[in-house]
Amino acid sequence: MSTYKITVEPLGRELDCRADQSILEACLRAGVWLPHACTHGTCGTCKAEVLDGDVDHGDASAFALMEFERDEGKTLLCCAKPRGDVVIEGDVDIEDGVTVHPVADFVGTVAVIEDCALDTRRLLIDLDREIAFNPGQYVSIEVPGHGVTRTYSMATPPSEPRRIELQIRRTPGGLASDGWIFKDLSVGDEVHLSGPYGRFFYREARDEPAVLIAGGTGLAPIKSMIRHVLENGMERELVLYQGARTREMLYDVGVFRALEAQHPDRFRYRPCLSEEQADGYESGLVTDVLDRDLATCRGYVGYVCGPPPMVEAAMKTLMAKRLFPRDIYREDFFDESDKASGGVRSPLLKR
Ligand SMILES: Cc1cc2nc3c(=O)[nH]c(=O)nc-3n(C[C@H](O)[C@H](O)[C@H](O)COP(=O)(O)OP(=O)(O)OC[C@H]3O[C@@H](n4cnc5c(N)ncnc54)[C@H](O)[C@@H]3O)c2cc1C
Ligand code: FES
């Protein structure tokens, strides 16, 4: 397999990239941080300019990278493969206080599989060595026999680097979830994964109180953040809005109630049910409950994760409550159907 030289401007940093590897992957593995979110050509976060050389745009969504942008020399680095030596202009600024952990490969062994809610599975995976990551980041897992990967957020905090927890929702007809994880994945199976990826992680430099909003398995990265903050004794206030339709779809309620009892000054828990009324639960969508609870979100920082329409609705609510986009961190759980349809975001938005 040929290897080409990638030069990342304005750093002037040179690194090698195989012809079958994405430029983003090569950069992250070499410890060169570049903005990215989905790593599957859907969100547009990794859009960059090719200053010199030729790339294959690969599997980039026609919505996330439009025809005129391709003509202007733009590419999505998570899909772009080099056809020779390439020079790119990267958005290389790293936020204050953020540690960059290079991406690496791991071999995992499935230790536990548990059905934690309706159509929702918890996996505990033992890794062959420690993974260093920021709370909220994700791993990319190879789907056996298909030559494709799927991304799942780590629900465990960085203090548990050898055994990671994943929370996975079954997508009907989905290659990885329906066709593998909910079908024949078993305890003791070997899985191949790489990581850490993503920019949805807890910002330790921000000491404002945090409002965290999770829909479905969007809870996974948020659980990692909450455990990280509380277990490290950080003096931060956190409030979690966890949403599901009914109780059988909501999980880890006991875990968060126990954390609330243990840390009453720092952590508040608001489990929300949109299609069922029950004692001890708020009724309504997470956004309705938050709207009732907080007159304003000014002075908070927001973290939102889940299915794209829920993330979009939460963004609107937080902004109506006076939070600026720069104070909100989001993770959209895009899948292949979003790639085909363009998701819910403007394709011209580079975030
Ligand atoms: C950053 C990130 C983190 C994530 N973390 C988690 C997590 O922690 N937990 C979790 O449960 N999920 C998470 N996801 C979602 C996850 O990565 C998968 O997308 C999800 O599990 C579905 O994968 P699948 O292989 O089962 O389904 P896929 O095979 O990807 O199919 C998904 C849907 O798209 C349809 N489809 C497939 N191909 C096409 C096509 N060409 N055109 C139109 N429709 C198509 C399928 O029929 C199906 O309905 C995350 C996503 C991202 C981007
Ligand atoms: S990270 Fe490349 S399109 Fe989402």
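Guide: Strand S11 gives the largest share of the shell around ligand 1, four residues. Strands (E, at least two residues) and helices (H or I, at least four) are DSSP runs, numbered from the N terminus. This is a predicted model, in which local features need pLDDT of at least 70 and side-chain atom pairs count only at pLDDT 80 or more, while totals for chains, interfaces and linings use all residues. Residues are numbered from 1 along each chain as its sequence is written, chains are lettered from A and ligands numbered from 1 in the order in which they are written, and side-chain values use heavy atoms, with hydrogens and water left out.

The shell around ligand 1 has 24 residues, and Arg150, Thr151, Tyr152, Ala176 and Ser177 come nearest; a residue is near if one of its heavy atoms lies within 4 Å. By type, the shell divides into ten nonpolar, eight polar and six charged residues. Here Ala, Val, Leu, Ile, Met, Phe, Trp, Tyr, Cys and Pro count as nonpolar, Asp, Glu, Lys and Arg as charged, and the others, Gly among them, as polar.

The side chain of Ser177 has an N or O atom 2.5 Å from one. For Ala176, a backbone N or O atom lies 2.7 Å from a ligand oxygen, and for Phe334 the backbone distance is 3.4 Å. Of the 980 Å² of accessible area that ligand 1 has on its own, the protein covers 78% (Shrake-Rupley method, 1.4 Å probe). Besides S11 (148–153), the elements giving two or more residues to the shell are strands S12 (163–169) and S19 (328–332) and helix H8 (336–341).

Methods. A polar contact is a pair of N or O atoms within 3.5 Å; within protein, one must be able to donate a hydrogen and the other to accept it, and residues adjacent in sequence count only if both atoms are side-chain atoms.
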